[in-house]
Amino acid sequence: MSETTEKDLGNKKETHCTVCGQPSFDTICDTCKAKIQGEALDSKHQVEKEGKTDTGRR
Ligand SMILES: [Zn+2]
């Protein structure tokens, strides 16, 4: 099917970062990925801290 080829090309084509809108080969550029990962680590740290009291419930 030609549609499959088009989709395949579309996947390989440059896209835009959904976070900052910069042209990127991924849905999230490396900069935002690092940012998000840093934030995730940050929130994880918080969750772990706060979750300590919550852990005993389950
Ligand atoms: Zn970005």
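Reply: In this predicted model, Cys29 touches Cys17, Cys20, Gln22 and Ser24, when residues up to four places away in sequence are not counted.

Me: What makes Cys29 and Cys17 count as touching?

Reply: Two residues are in contact if their C-beta atoms lie within 7 Å. Cys17 is listed among the residues that Cys29 touches, so this pair meets the cut-off. The C-alpha atoms of Cys29 and Cys17 are separated by 5.4 Å, although the two residues are twelve apart along the chain.

Me: Why is Cys29 called buried?

Reply: Cys29 has 20 other C-beta atoms within 10 Å. The term buried requires 20 or more, and therefore Cys29 is buried. Its place is in the loop between β2 (23–24) and α2 (30–55). Buried residues make up 2% of the 58 residues in the chain.

Me: Which residues is Cys17 in contact with, leaving aside its neighbours within four places in sequence?

Reply: They are Gln22, Ser24, Ile28, Cys29 and Cys32. As for Ile28, its C-alpha atom is 4.5 Å from that of Cys17, while eleven residues separate their positions in sequence.

Me: Why does Ile36 count as exposed?

Reply: Ile36 has 12 C-beta neighbours inside 10 Å. A residue is exposed if the number is 12 or fewer, so Ile36 counts as exposed. Ile36 belongs to helix α2.

Me: What pattern does the chain follow, read along the sequence?

Reply: The pattern is α-β-β-α, made up of two helices and two strands.

Me: Where is confidence in the chain lowest, and where is it highest?

Reply: Confidence is lowest in helix α1 (residues 2–12), with a mean of 56, and highest in β2, at 92. Across the chain the average pLDDT is 77, and 60% of the residues score at least 70.

Key: Residues are numbered from 1 along each chain as its sequence is written. This is a predicted model: local features need pLDDT of at least 70, side-chain atom pairs count only at pLDDT 80 or more; totals for chains, interfaces and linings use all residues. Helices (H or I, at least four residues) and strands (E, at least two) are DSSP runs, numbered from the N terminus. pLDDT is the predictor's confidence in each residue, from 0 to 100.
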